[in-house]
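Please look over the sequence and the structure before reading on.

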Amino acid sequence: EEQYYIIFPIIFLITFKYFKKYIPHILILGLLISLGFADWGSRNYPSFNFYTLPTRGWELIAGSLLAYYEINQGKRSQNQMLNQILPTLGLSLIVHSVIFFKDGMFHPSFYTISPIIGVCLIIWFTNKENDLITKILSFKPIVGIGLISYSLYMWHYPIFAFARIKGSLESQYDKFELLILTLILSIISFYLIEKPARNK
């Protein structure tokens, strides 16, 4: 957690302060190095590769590049045709990765490029309130899952880890019960802990 929420912003702030003129070049170079390192690491050190900033940094940098260009241009894509086509392609790439990526696949690696490109396409080319992808992603249950996603992420691991130790993951019904428990605890912690903490 500290790598992504503390170390990465500090590195970025230092880079921005002393090398502001070369920010896009540094970001692109950093993305390529990190991606290459990730693909190599996925085959040689998969656990290290999955959890550390040098091999996951390129995913953060992809978003950083979008933010940089939006700030500098003052807008995202204004091309109406691309705005209609590319968000659908982006969502398709994400759905494809959800359906076809398997546990044994190398990740993060070159395979991971497709969902990252998908997310970038949606962010950059979806800017109309009435387009289909915006309507899909603005669907209230999906927005709700997004709001509690950090709590879901934090709660699911201990719940499923303790269930695995106890031997309580025998059936799909057991997993469904644990999923409901994770959802309930995530909603509670979002409203009682996360939201109040943000306001302070």
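This is a predicted model: local features need pLDDT of at least 70, side-chain atom pairs count only at pLDDT 80 or more; totals for chains, interfaces and linings use all residues.

A crossing of two helices is called left-handed if the near helix is turned anticlockwise from the far one by less than a right angle, and right-handed if the near helix is turned clockwise.

## Overall architecture

The secondary structure of the protein consists of 10 helices and zero strands, and the order of its elements from the N terminus on is accordingly written α-α-α-α-α-α-α-α-α-α. Taken along the principal axes, the box filled by the C-alpha atoms comes to roughly 55 × 45 × 40 Å.

Of the 200 residues in the protein, 32% are buried. When contacts between residues at least 6 apart in sequence are considered, 67% of them join residues that are at least 24 apart.

## Helix H1 against helix H4

Two packed helices are described by the angle between their axes and the distance between the axes. For helix H1 (residues 2-18) and helix H4 (residues 53-73), the axes come within 12 Å and cross at roughly 65°. Angles of 65 to 115 degrees count as roughly perpendicular, and H1 and H4 are therefore roughly perpendicular to each other. The crossing in which H1 passes H4 is right-handed.

On the H1 side, the contact is made by Gln3, Tyr4, Ile7, Phe8, Ile11 and Phe12, which meet Leu53, Pro54, Arg56, Leu60, Ile61 and Ser64 in H4. Sorted by class, the residues of this contact between H1 and H4 are nine nonpolar, two polar and one charged.

Computed from C-alpha to C-alpha, Tyr18 and Ala67 are 19 Å apart in space and 49 residues apart in sequence.

## Helix H6 and its two partners

Helix H5 (residues 80-100) and helix H6 (residues 113-125) have axes that come within 7 Å and cross at roughly 150°, and this angle makes H5 roughly antiparallel to H6. Their crossing is left-handed. From H5, the residues Leu82, Asn83, Leu86, Pro87, Leu89, Gly90, Leu91, Leu93, Ile94 and Ser97 meet Ser114, Pro115, Ile117, Gly118, Val119, Leu121, Ile122 and Phe125 in H6. The contact of H5 with H6 has 13 nonpolar and five polar residues, and no charged residues.

The axes of H4 and H6, in turn, come within 10 Å and cross at roughly 20°, which makes H4 roughly parallel to H6. H4 passes H6 in a right-handed crossing. Here Trp58, Glu59, Ala62, Leu66, Tyr69, Glu70 and Gln73 in H4 meet Ile113, Ile116, Cys120, Ile123 and Trp124 in H6, and the residues of this contact divide into nine nonpolar, one polar and two charged.

## Aromatic pairs

Across the whole structure, a search finds eight aromatic pairs. In one of them, the ring centres of Phe50 and Tyr51 are 4.9 Å apart and the ring planes stand at 80°, so the pair is edge-to-face. Phe50 has a relative accessible area of 34% and is partly exposed, whereas Tyr51, at 52% relative accessibility, counts as exposed.

Another pair is formed by Tyr150 and Tyr153, whose ring centres are 6.1 Å apart and whose planes are at 45°, so this pair is tilted. Both residues, Tyr150 and Tyr153, lie in helix H9 (residues 149-166), where they are three residues apart, about one turn of the helix. Tyr150 is partly exposed, with a relative accessible area of 33%, and Tyr153, at 44% relative accessibility, also counts as partly exposed. Together with Tyr5, the residues Tyr150 and Tyr153 form one aromatic cluster.

Terms used
Residues are numbered from 1 along each chain as its sequence is written. Side-chain values use heavy atoms; hydrogens and water are left out. Axes are lines fitted to C-alpha atoms, for helices over the stretch in contact, and angles run from 0 to 180 degrees between N-to-C directions. Helices (H or I, at least four residues) and strands (E, at least two) are DSSP runs, numbered from the N terminus. Angles under 35 degrees count as roughly parallel, over 145 as roughly antiparallel, 65 to 115 as roughly perpendicular and the rest as oblique. Contact means heavy atoms within 4.5 Å. Ala, Val, Leu, Ile, Met, Phe, Trp, Tyr, Cys and Pro count as nonpolar, Asp, Glu, Lys and Arg as charged, and the others, Gly among them, as polar. Rings of Phe, Tyr and Trp (its six-membered ring) pair if their centres lie within 6.5 Å; planes under 30 degrees apart count as stacked, over 60 as edge-to-face and the rest as tilted. Buried means under 20% relative accessible area, exposed over 50%, partly exposed in between (1.4 Å probe, protein chains only).
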